[in-house]
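Colleague: Could you take me through this model before I start on it? I would like the overall picture, then some individual residues.

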Amino acid sequence: MAGAAKRYEAGFRFGFATDTYDSDGEAQGPDAAPALDFATLEHACGTERTGRFEQMPPSFSAKKVKGRPAYELARKKQVVEREGG
């Protein structure tokens, strides 16, 4: 529905990243869980990560770039020109 409010729910795996931001990508380093405590987590989830904010879609996304999903270009190692959205 156009114009409807959106809500997102997320899960996090601290200390691990891939080039596609999902489980299909290539690891960007070792899988090493960082030492976390409540204060560190509270700071990481602070007010700058809640509420309304502009978002830049990742290169590996379904957002259309020149009529094609960005992930098609990214998988071919082509530069993906992105805009906020």
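Predicted model: local features only at pLDDT ≥ 70, side-chain atom pairs only at ≥ 80, totals over all residues.

Colleague: How many helices and strands does the chain have?

Modeller: The chain has 2 helices and 2 strands, where helices (H or I, at least four residues) and strands (E, at least two) are DSSP runs numbered from the N terminus. Along the sequence these elements follow the pattern α-β-β-α.

Colleague: And is the chain compact or spread out?

Modeller: The radius of gyration is 16 Å, well over the 12 Å that the globule rule gives for 85 residues, so the chain is more spread out than a compact globule. That radius is taken over C-alpha atoms, and the globule rule is 2.2 Å times the number of residues to the power 0.38. The C-alpha trace spans about 45 × 35 × 20 Å along its principal axes.

Colleague: What share of the residues is buried?

Modeller: Buried residues make up 14% of the 85 in the chain, with buried meaning under 20% relative accessible area, exposed over 50%, and partly exposed in between (1.4 Å probe, protein chains only). As for contacts (heavy atoms within 4.5 Å), among those between residues at least 6 apart in sequence, 23% join residues at least 24 apart.

Colleague: Which residues make up the largest nonpolar core?

Modeller: The largest nonpolar core has 5 residues in all, namely Val65, Ala70, Leu73, Ala74 and Val80, and helix α2 (residues 70–75) gives the most to this core, with 3 residues. A nonpolar core here is a set of buried Ala, Val, Leu, Ile, Met, Phe, Trp, Tyr and Cys residues joined through side-chain atoms within 4.5 Å.

Colleague: What is Val80 in contact with?

Modeller: Leaving aside neighbours within four places in sequence, Val80 is in contact with Ser59, Val65, Ala70, Leu73 and Ala74.

Colleague: Staying with α2 for a moment, how exposed is Glu72?

Modeller: Glu72, which is found in helix α2, is partly exposed, with a relative accessible area of 28%. Glu72 and Cys45 are 27 residues apart in sequence and 32 Å apart in space, C-alpha to C-alpha.

Colleague: New topic: how much space lies in the second largest pocket, and which residues are closest to its centre?

Modeller: The second largest pocket holds about 510 Å³ of space, and of the 15 residues that line it, the closest to its centre are Gly11, Phe12, Tyr21, Asp22 and Pro58. On a 1 Å grid over the protein atoms alone, a pocket is an open set of points where a 1.4 Å probe fits, with protein on both sides within 12 Å along at least five of seven lines, and lining residues have an atom within 4 Å of a point. The volume is the space filled by probe spheres set on the points, which are joined across faces, edges and corners.

Colleague: Where is Pro58, and what does it contact?

Modeller: Pro58 is in the loop between α1 and β1, and, leaving aside neighbours within four places in sequence, Pro58 is in contact with Tyr21 and Arg82. At 25% relative accessibility, Pro58 counts as partly exposed.

Colleague: And Tyr21, is that residue buried or exposed?

Modeller: Tyr21 is exposed, with a relative accessible area of 67%, and is found in the segment before α1. The phi of Tyr21 is near 65°, a positive value in a residue other than glycine. Most residues other than glycine have a negative phi.

Colleague: What about the phi of Lys66?

Modeller: Lys66 has a phi near 55°, again a positive value in a residue other than glycine. Lys66 sits in the loop between β1 and β2 (68–69), and at 77% relative accessibility this residue counts as exposed.

Colleague: Last one: which residues does Pro34 contact?

Modeller: Leaving aside neighbours within four places in sequence, Pro34 is in contact with Phe14 and Gly15. The C-alpha atoms of Pro34 and Phe14, 20 residues apart along the chain, are separated by 6.7 Å.

Conventions
Residues numbered from 1 in each chain as written. Heavy atoms only, no water.
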